[in-house]
Amino acid sequence: MSTTAKSAPAGRGTGPRRGLGERLSALPRPVKVVLWVALALVFYALPLLNPPLLSTPNSDFGSVMFLVAAYGLVALGLNIVLGYAGLLDLGYVGFFAVGAYTVAVVGTMSGRVPFVVLLVLAVTVSTASGLLLGWPTLRVRGDYLAIVTLGFGEIIRLVALNSEFLNQAQGFSGIPRPPSIGLFEVPQLQWDGWVSYVDFGNTSTFLEFGLLDGVPYYWLALTVIILVLIGDVLLQDSRVGRAWEATREDEEAAELNGVPTFRFKLLAFAMGAFIGGLSGGLFASRQGAINPETFIIQLSILFLAAVVVGGQGNRWGVLVGAAVVAYLPERFREFAEFRVLVFGLLLLLLANFRPQGVLPPRRARRAKRVNEQLQTLEGTEEGARA
């Protein structure tokens, strides 16, 4: 009597296990829209909810969340340069500073300039600086490009430090803030252990941009991030995004196939400078005062760390990396003497056990699965030969 093997249960053993991102992509469009809207509402409400494990007891949570959003916006811009086009930029803080100083200079010279116009001027000047830097320097590659961009970031700081027009070390104060409307007040939650209650004495006024409350600035920055994400998705799925990917993987092969690599690298540099200047303008309006020491080169290293930690090439990963870089030092401020050491140890562990970042891009995950399958096949063939 012949025996038959038991069939595998449906849905098991029939193929590689799909990740969370692939399962979400397979959902119907209306379901995905509802999920994205719900997720956005959660992030908008986060500084009002003050979750016990997430809130920063030694810092204003709304201001910390704005800092996270500002770093996230910077990381999205740097991800275009590094993650999509494969250009190592160590002086990205220069574009951040150009946007901030543009808002400061024009805004303090004439307080009648609308805030939207200030942001437009900031992104225009920063984009122009990206084109001016990229035109002569993008003809070099690798370590040479990294050295040149590192010098650019330091040159911007030194120019601001030694220029009388930019007030030298004194910098600027009284930088204009976004126009306030003050439509209504939203109370915040307070927690007594794990019991919450609504604190009507601690509120955030919708669209009122003052000095003490950082929540409206966070809402503004989060809205800008959503708009940039929409543009990022459309850009990556376009011909430009494919040209960037081809240039990143093999520039010589891309040129042989007719891709004008220099033009697309220059476009990536300009797009990254655009977003960096936009983030710098928002940051300057929130701070109200800036000086050259605000834009030290270590800040550029933190921006780079945000992209690498999150997973360069993955827009969601770099947002996670920005949150880690900006949030953790503020969350553990009580350990002021050791928080940088702990952060460095975490980066060391991540480099060893997750070298491609917290959320590596889909192409990296696919390549890893293919390599594992090839190794399995090679081991099977060697076993059969033995």
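## Terms and overview

A helix here is a DSSP run of H or I at least four residues long, and helices are numbered from the N terminus. The model is predicted.

The protein has 386 residues, and 41% of them count as buried. Its secondary structure comes to 14 helices and four strands. Among contacts between residues at least 6 apart in sequence, 74% join residues at least 24 apart.

## The second largest pocket

Which helix gives the largest share of the lining of the second largest pocket? It is α3, with six residues. Helix α3 covers residues 61-84. Other helices take part too. α10 (261-287), α11 (297-310) and α12 (315-331) each supply at least two residues of the lining.

The second largest pocket holds about 500 Å³ of space. It is lined by 23 residues, and the closest to its centre are Leu67, Tyr71, Phe283, Leu299 and Glu330. By type, the lining divides into 14 nonpolar, five polar and four charged residues.

## The largest nonpolar core

In soluble globular proteins, nonpolar side chains tend to be buried together. Here, the largest nonpolar core has 87 residues. The members that touch the most others are Tyr71, Leu73, Trp244, Ile290, Phe295 and Phe303. Helix α3 gives the most to this core, with 17 residues.

Leaving aside neighbours within four places in sequence, Phe295 is in contact with Val93, Phe96, Ala97, Ala100, Tyr101, Arg157 and Ile290.

## Helix α4

How far apart are the end C-alpha atoms of helix α4? They are 24 Å apart. The helix runs over residues 93-109, which is 17 residues.

Is α4 largely enclosed or largely open? Of its 17 residues, 14 are buried, so α4 is largely enclosed by the rest of the structure. Buried means under 20% relative accessible area.

## Ile156 in helix α6

Ile156 sits in helix α6, residues 142-162. Its relative accessible area is 22%, so Ile156 counts as partly exposed. Leaving aside neighbours within four places in sequence, Ile156 is in contact with Gly94, Ala97 and Val98. Ala97 is also a contact of Phe295.

Gly91 is 65 residues from Ile156 in sequence. In space, the two are 9.4 Å apart, C-alpha to C-alpha.

## Loops around the strands

Gln168 lies in the loop between α6 and β1 (172-173). It is not a glycine, yet its phi is positive, at about 50 degrees. Gln168 is partly exposed, at 35% relative accessibility.

Leu207 is found in the loop between β3 (195-205) and α7 (215-236). Leu207 is not a glycine either, and its phi is positive at about 65 degrees. Its relative accessible area of 27% makes Leu207 partly exposed.

Gly182 is in the loop between β1 and β2 (185-192). At 31% relative accessibility, Gly182 is partly exposed. What does Gly182 contact beyond its neighbours within four places in sequence? Its partners are Thr205, Phe206, Leu207 and Glu208. Gly182 and Thr205 are 23 residues apart in sequence, and their C-alpha atoms are 5.7 Å apart in space.

Key
Residues numbered from 1 in each chain as written. Predicted model: local features only at pLDDT ≥ 70, side-chain atom pairs only at ≥ 80, totals over all residues. Heavy atoms only, no water. Expected span 1.5 Å × (residues − 1). Buried < 20%, exposed > 50% of the residue type's maximum accessible area, 1.4 Å probe, protein only. 1 Å grid on protein atoms, 1.4 Å probe; cavity = no way out; pocket = protein on both sides within 12 Å on 5 of 7 lines; lining within 4 Å. Points joined across faces, edges and corners; volume = space filled by probe spheres on them. Nonpolar A, V, L, I, M, F, W, Y, C, P; charged D, E, K, R; others polar. Core = buried A, V, L, I, M, F, W, Y, C linked by side-chain atoms within 4.5 Å. Contact = heavy atoms within 4.5 Å.
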